[in-house]
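Here is a short walk through one protein structure. Take a look at it first, then follow the contacts one by one.

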Amino acid sequence: METLAKDLAALSKMAGLAAAVDNIDQIIEQLSRARDQVAQARDPHIASMTMTKLQNPIKLGFDKVNDSLKDVASRNKKLGKALDKSFPLEDLPADHDAMANQPALINRAIAMHLLREGQFSVASTFIDEAQDTAASHHGLYSHLDSHDDTTSPEGDVLMGEDDSSQGDVPVSMTASSSDHQDLSSLQSQELQAKFAEMYRVLQDLKARNLRPAIDWARANSAELEARGSNLEFELCKLQYVWLFLGPGVNGLPDDEYNGRSGALLYARQRFGRFQPRHLSEIQKLASALVFAPNLGQSPCRSIFTIDSAFTDVASSFTREFCSLLGLSAESPLYMAVTAGALALPYQMKFTSRTKSRGTEWTTSTELAFETPLPKRMVYHSIFVCPVAKEQTTDTNPPMMIPCGHVLAKETLQKLCKGTRFKCPYCPSEGQIKDARQIIL
Ligand SMILES: [Zn+2]
């Protein structure tokens, strides 16, 4: 790895071709000078003399440039070989590619990822090109379908005499037309405008300006409240702390809206509506005024240590913003690719072992091996029925019974006498109709 990095660094340095660029500059200069001489020469003899004199230096210049190019090419080839040796090509350890038949889903995930990253023009080009490719793959009918808003005379002829023929459209056409709608919906200005707004606010947060984020949270307070989110309070709290720390730290103008008095003023104006839910925290924040001269040794010093506070509120903001759009906080494509990359070595090891033993992987809906993913990437918890000692599945889901204990559906059915059952863990009894499925 280290030698590879060294080779790459050396190549990058060479690839700039600084010497070759100088050589070319020289050649251009020599040629321009010669052109001027020829243009000014009254005597044709001088013109031919100039041209003759030019030949050797120009050839020498070109030779030098070519040598530099050759060096880079050979170094490039060497690095390529080293890369192939360090990272040998191996077939992916899968017999079937589950995503091969889902180009529309994959395209959608990619387009969405680009939009979420704020790469609007890249996303737009990608969507256009993906739609063009889909149209040409699905043949003439779907191609016409994709342009059905422009009434083309040939289209009418091909599509049939009247609208009734639209009833029996080819299957591929309906499929591709829905792909188009899927991708076109991402082309919407509204979605782009939303993400642009998100990036503007994040940019401001990075510059330690909380106001746009607070304004957004205020404007969406009803939805945030409904989700049980504390974002608005957290932002206002940080704004209080930020003001409290004063112009020496926050770099804001030294006036009555900054410093301790500014923080107090801010608290009076803004904290009122948070009192029902956050009274004790507000009291703590207010009591900081008493400790102000010696904040570092005070009990409330942790509130005023704001090393990671801005990054924390930025990620809370992103999470809430995306969730109000009905999206997850992290890009699903990023998550899937990262988790896949982490799982790949385990899968390769597993496949090579099962192959050498002549056994095969038979479960197609679940992995036959553990993939240790970091906690933040674990979404679907599993549940093992405490009675049957078996993991629940889609057909045998976990059920919560009225006393709050959870069993697998099949276990519950076995426990039933008629429609009633007795909980195996506590003295309560219940009816099967009162059991609720749990979605993990
Ligand atoms: Zn119970």
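Which residue forms a salt bridge with Glu232, and how many Å apart are the closest N and O atoms? The model is predicted, and in it the partner is Arg218, with the closest N and O atoms 3.8 Å apart. Glu232 sits in helix α12 and Arg218 in helix α10, so the contact ties together parts that are 14 residues apart in sequence. Glu232 is buried, at 7% relative accessible area. Arg218 is partly exposed, at 38%.

Glu232 has another contact. Its side chain meets that of Arg273 in a salt bridge, at 2.4 Å from N to O. This pair links distant parts of the chain: Arg273 is in the loop between α14 and α15, 41 residues from Glu232. Arg273 is partly exposed, at 41%.

Next comes Glu320. It pairs with Arg227 at 2.9 Å, N to O. Glu320 is buried, at 8%, while Arg227 is partly exposed, at 44%. The whole structure holds 11 salt bridges.

Now turn to the zinc ion. Its protein donors are Cys403, His405, Cys423 and Cys426, at 2.0 to 2.3 Å. The angles among the 4 donor atoms run from 105 to 114°, and the site is tetrahedral. Cys403 lies in the loop between β1 and β2 and Cys423 in the loop between β3 and β4, so the pair ties together parts 20 residues apart in sequence. Cys403 is partly exposed, at 33%. Cys423 is buried, at 1%.

Conventions. Residues numbered from 1 in each chain as written. Predicted model: local features only at pLDDT ≥ 70, side-chain atom pairs only at ≥ 80, totals over all residues. Heavy atoms only, no water. Donors = N, O, S within 2.8 Å, 3.2 Å for Na, K, Ca; no water. Tetrahedral: all angles 85-135°; square planar, octahedral: opposite > 155°, others 65-115°. Helix = DSSP H or I, 4+ residues; strand = E, 2+ residues; numbered from the N terminus. Buried < 20%, exposed > 50% of the residue type's maximum accessible area, 1.4 Å probe, protein only. Salt bridge = Lys/Arg side-chain N within 4 Å of Asp/Glu carboxyl O.
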